[in-house]
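Please find below a briefing on one protein chain. It is arranged by topic for a reader who has the structure at hand.

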Amino acid sequence: MAKKSFLDFVKIPKNLTRHSDVMFAVAAVLVIMMLIIPMPTMLLDLLLIIDIVLSLLILLMVLNIKSSREFSVFPSLLLFMTAFRLALNVSSTRLILTQGTGFKSKIIVSFAEFVVSGNIVVGIIIFIILIIVQFVVITKGATRVAEVAARFALDSMPSKMMAVESELQAGAITDKEAEDKRKAIREESDFYGTMDGASKFVQGDVIASLIITVLNILGGLVIGMAMRGESLQEASQAYLRFTIGDGLVTQIPSFFMSFATGLLVTRSSSEDDLSSQVTTQIFSSPKNLYIGAGFSFLLMFLPGFPKVMLFIISALLGLAGYVLQKQQKELGGVSEQEADIQSQSGKTPLDVINLLKIEPIELSIGTMLIPLVDETEGGDLLNRVTHIRRELALDMGIIVPPVRITDNTTIEPEEYTISVNGTEMTKSFVRGNMLLALNQKNEPLPIENVEQTREPAFGLPAYWINVENRDIAERAGFMIFAPTAVVATHLTETIRKYANLLLGREEVQKILNMLKETHPALVNEVLMSSNDHGGESPLGYVQKVMQNLLQEGVSVRNTVTILEAIADTIKVMRSDQASELVRTRLAPQISQQVSGSDRVIHVIMLSQGLQEEMANALSDGSDMQTGVTLALGYEALQKLVKKLRDSVSVVNEKGYEPVFFVSPLIRKVLQQLVMKNVGKYNVIATTEVASGYKVESIVVIQP
């Protein structure tokens with residue numbers, strides 16, 4: 001609920017509250033006019049009182065706020081109050097110099113007579129002391145703190161923004177909460193940045209007040225003696241007295257504002273106001289109060305010290321410590337001695353639950369890549385990650401978990417790492433302030449002194465170029481990618497490669513729950529079935545089949561077809577055998593995936609003799625974990641691997657994506673052999689080519 005002021009309870013005409021912006025504009029114009037137009041002493045007294053009261057209210061407001069963001073208008077208010085006070089200084093100076101001994105301001109005269117007891121020397125000393133305290137101590141310190149706070153607020157803003165996005169991606173907060181946190185971070189950064197400049201107003205105000213006072217004294221003496229014929233004593237008594245009174249009157253609200261500025265820039269966000277924090281943090285330890293009482297008691301025995309006063313202070317501190325200790329015991333608190341004993345003996349248990357949590361996907365970036373995440377600096381990596389999750393959900397058919405993005409000081413400033421289930425899967429780098437130029441034809445770049453590299457996702461040769469060379473590279477036929485696009489592409493391909501590791505039983509259960517709304521009978525049939533060929537649970541069986549498909553880059557989005565095939569196989573086959581049958585049912589999808597736009601599949605074929613040789617070497621494992629393996633000798637296996645690699649090179653040179661085409665009997669073992677020794681290429685069976693697709697052989701591998 002928004003805080004209310006007393007104005008909310010006062011009946012003010014709606015026209016006034018509705019046009020408050022006009023009223024503030026008029027007030028600003030009046031402050032400027034005060035510098036030019038003379039005003040009567042009665043009005044000057046009223047405005048001086050208003051200045052003192054407003055400054056006091058601002059100071060009290062600073063004492064009671066819990067966070068600097070609650071008083072975000074303070075920098076603008078500080079400028080307005082400074083201009084208002086300087087305008088009063090100019091107006092009072094004009095009246096003192098023009099009226100001379102007939103000056104009738106009650107406020108200024110009262111300060112000159114009452115506060116300094118009519119002694120001009122005392123008044124001058126007090127005025128100088130106020131100037132020194134305000135300028136040397138408070139203003140100097142507040143200005144320095146404001147500079148440091150502004151620098152740290154701006155430096156920490158990207159990390160804070162990234163932490164919010166990580167919480168949002170992890171589902172710990174809602175979109176509304178994330179937006180509120182972003183707004184709070186921006187407001188804090190803007191506030192301290194503005195306070196860095198606004199603190200200079202206080203510093204200039206003190207200097208201006210000192211100069212105005214000196215000019216007022218010198219001008220008064222000149223006018224009094226040269227123009228009015230007054231003696232030195234008369235002029236000094238009049239102008240010195242009024243000037244010192246004027247200086248003291250204006251220095252009090254100035255001191256209030258300087259004090260408020262110092263308090264505000266040194267505040268840290270808390271649930272309590274300043275007074276509660278002070279009393280809680282200083283007077284919360286009985287031991288400290290007892291030590292203070294003992295120290296005060298010892299001072300009584302020093303010669304010349306006021307014994308009665310020290311005894312009273314010692315007794316009060318001891319009584320406060322006793323009462324506080326008693327209250328802590330009644331509330332069930334642990335004493336400091338007990339806490340020390342527990343910490344030394346290790347009785348206090350360490351909560352390590354949070355340390356056991358592993359993020360499914362984590363992107364760690366170096367310190368120089370933080371701007372790629374910060375939207376305020378033009379970084380769009382977070383938006384790209386959101387797009388990746390949506391794209392992979394549509395393409396692969398799985399719920400991609402939130403990607404946690406963290407800054408990492410242990411890696412190089414421009415490096416990044418991608419981890420899956422807590423294990424680092426890949427590492428690369430990008431130049432945060434440059435562009436990646438890529439040409440699949442491997443032609444040279446017509447730009448001198450560029451950094452050669454390889455695109456991290458596919459390993460293609462590329463160059464890092466400056467932003468101003470973009471047009472030259474594009475005219476040369478190079479594709480240009482921003483650093484965030486490079487990281488996002490690498491992240492996408494890494495998730496595709498290890499998608500099977502991200503599909504756990506919980507994710508499978510969510511897919512089944514969603515499918516149950518439209519196909520309840522199918523889901524129930526699968527989950528109620530039992531597998532007698534390996535003893536796999538229904539949920540684990542479905543998970544294993546889907547993982548096998550994802551491991552080979554086959555989307556599991558067509559869950560109905562997959563589950564119907566599983567329903568036919570779960571009672572009679574192991575999950576690895578069922579995966580092959582599912583692939584046959586997904587023939588249209590697989591054919592579309594490996595064919596071109598002309599519906600032609602260009603393949604690498606194995607001769608009939610080689611396929612028969614491999615089929616004769618198949619060995620069926622004795623358990624569900626082993627499955628079917630290829631039992632070839634070492635030399636024969638190495639010879640086959642070399643032929644596979646050579647065929648891939650030939651197909652790549654002709655501009656086609658390598659696809660191996662064999663009988664269903666050996667498809668699985670060949671796929672395992674290719675993935676382990678050649679690369680992640682598609683291996684399809686003859687039964688996986690759908691109607692309407694044509695197969696053309698590019699290479700035939702002979703025995």
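In helix H21 (residues 575–585), the buried residues are Ser575, Asp576, Ala578, Ser579, Glu580, Val582 and Arg583; buried denotes under 20% relative accessible area, with exposed over 50% and partly exposed in between (1.4 Å probe, protein chains only). The model is predicted, so local features need pLDDT of at least 70 and side-chain atom pairs count only at pLDDT 80 or more, while totals for chains, interfaces and linings use all residues. Residues are numbered from 1 along each chain as its sequence is written, and side-chain values use heavy atoms, with hydrogens and water left out.

**Chain overview**

- The chain holds 25 helices and 14 strands, which are DSSP runs (helices H or I, at least four residues; strands E, at least two) numbered from the N terminus.
- Of its 703 residues, 42% count as buried.
- Among contacts (heavy atoms within 4.5 Å) in the chain with a separation of 6 or more, 75% join residues 24 or more positions apart.
- The cover over the buried residues of H21 includes helix H19 (538–551), helix H20 (559–569), H22, strand E11 (628–630), H25 and E13.

**The parallel sheet**

- Four strands form an open sheet with parallel pairing in the order E13-E12-E9-E14; two strands pair if DSSP finds at least two bridges between them.
- Strand E13 (682–685) and strand E14 (694–701) are the edge strands, each pairing on one side only.
- From one strand to the next, the twist averages 40°; axes are lines fitted to C-alpha atoms, for helices over the stretch in contact, and angles run from 0 to 180 degrees between N-to-C directions.
- Strand E12 (residues 659–662) pairs with E13 in the parallel sense over 4 bridges, and Phe661 has Ile684 in E13 as its bridge partner.
- Helix H22 (residues 587–594) packs on the sheet, touching strand E9 (600–606), E12 and E13, and its direction makes about 140° with that of E13.
- Helix H25 (residues 664–677) also packs on the sheet, touching E9, E12 and E13, and its direction makes about 175° with that of E13.

**The second largest cavity**

- The count comes to 2 cavities of 30 Å³ or more; a cavity is a set of points on a 1 Å grid over the protein atoms alone where a 1.4 Å probe fits but cannot get out.
- The second largest cavity holds about 30 Å³ of space, where grid points are joined across faces, edges and corners and a volume is the space filled by probe spheres set on the points.
- Its lining residues (an atom within 4 Å of a point) are Ser428, Phe429, Leu436, Thr453, Arg454, Glu455, Pro456 and Trp464.
- Strand E4 (423–429) and strand E6 (451–454) each supply at least two residues of this lining.

Methods:
On a 1 Å grid over the protein atoms alone, a cavity is a set of points where a 1.4 Å probe fits but cannot get out, and a pocket is an open set with protein on both sides within 12 Å along at least five of seven lines; lining residues have an atom within 4 Å of a point.
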